[in-house]
Amino acid sequence: DYWTDLRRAWPVVLPANWCLWIPAQAINFRFVPLPYQVLFSNVVALVWNAFLSFTNSRQQQQQQQADDMPEQPLLENDATS
């Protein structure tokens, strides 16, 4: 489900977004010459998309492992003790 995936990924992705894009854009507008600013943003976007892909893949693997695990029966207290 899309919303479940979004809720699960949001706490990881949002801070990473801020940590990447705020400094990247500050560097871009301060130090990168105007003709190269779009190229710089595109390179950062490539890194960002790779991160999103990795994060999504890792979460899907974790979910698949959780789904594949057999359910452990709960230990019952011995009533005769």
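Colleague: What should the 32 residues of α2 span, and how far apart are its end C-alpha atoms?
Modeller: This is a predicted model, to begin with. At 1.5 Å a residue, α2 should span 46 Å. Its end C-alpha atoms are 46 Å apart, so the two values agree.

Colleague: OK. How many helices and strands does the protein chain have?
Modeller: The protein chain has 2 helices and 0 strands. α1 runs 2–31 and α2 runs 37–68.

Colleague: Which residues of α2 are buried?
Modeller: Gln37, Ser41, Val44, Trp48, Thr55 and Gln59.

Colleague: And what do they pack against?
Modeller: The buried residues of α2 pack against α1.

Colleague: Which residues make up the largest nonpolar core?
Modeller: There are 7 of them: Ala9, Val13, Ala16, Trp21, Ala24, Val44 and Trp48. α1 and α2 each supply at least two. The largest share, 5 residues, comes from α1.

Colleague: Why would such side chains group together?
Modeller: In soluble globular proteins, nonpolar side chains tend to be buried together.

Colleague: Now Ala45. Where does it lie?
Modeller: Ala45 lies in helix α2.

Colleague: How accessible is Ala45?
Modeller: Its relative accessibility is 22%, so Ala45 counts as partly exposed. The cut-off for buried is under 20%.

Colleague: How far is Ala45 from Ala24, in sequence and in space?
Modeller: They are 21 residues apart in sequence. In space the distance is 10.0 Å, C-alpha to C-alpha.

Colleague: Switching to rings. How many aromatic pairs does the structure hold?
Modeller: The structure holds 2 aromatic pairs. One of them is Tyr2 with Trp3.

Colleague: Why is the pair of Tyr2 and Trp3 called edge-to-face?
Modeller: Their ring planes are at 75°, and over 60 degrees counts as edge-to-face. The ring centres are 5.3 Å apart.

Colleague: Is Tyr2 buried or exposed?
Modeller: Exposed, with a relative accessible area of 56%.

Colleague: Last topic, the whole chain. What percentage of its 81 residues is buried?
Modeller: Buried residues make up 16%.

Colleague: And what does the accessible surface come to?
Modeller: About 7100 Å² for the protein chain. Carbon and sulfur atoms account for 63% of that surface.

Key. Residues numbered from 1 in each chain as written. Predicted model: local features only at pLDDT ≥ 70, side-chain atom pairs only at ≥ 80, totals over all residues. Heavy atoms only, no water. Core = buried A, V, L, I, M, F, W, Y, C linked by side-chain atoms within 4.5 Å. Buried < 20%, exposed > 50% of the residue type's maximum accessible area, 1.4 Å probe, protein only. Helix = DSSP H or I, 4+ residues; strand = E, 2+ residues; numbered from the N terminus. Phe/Tyr/Trp six-rings, centres within 6.5 Å; stacked < 30°, edge-to-face > 60°. Expected span 1.5 Å × (residues − 1). Contact = heavy atoms within 4.5 Å. Areas by Shrake-Rupley, 256 points an atom, 1.4 Å probe, with all protein chains shown as cover.
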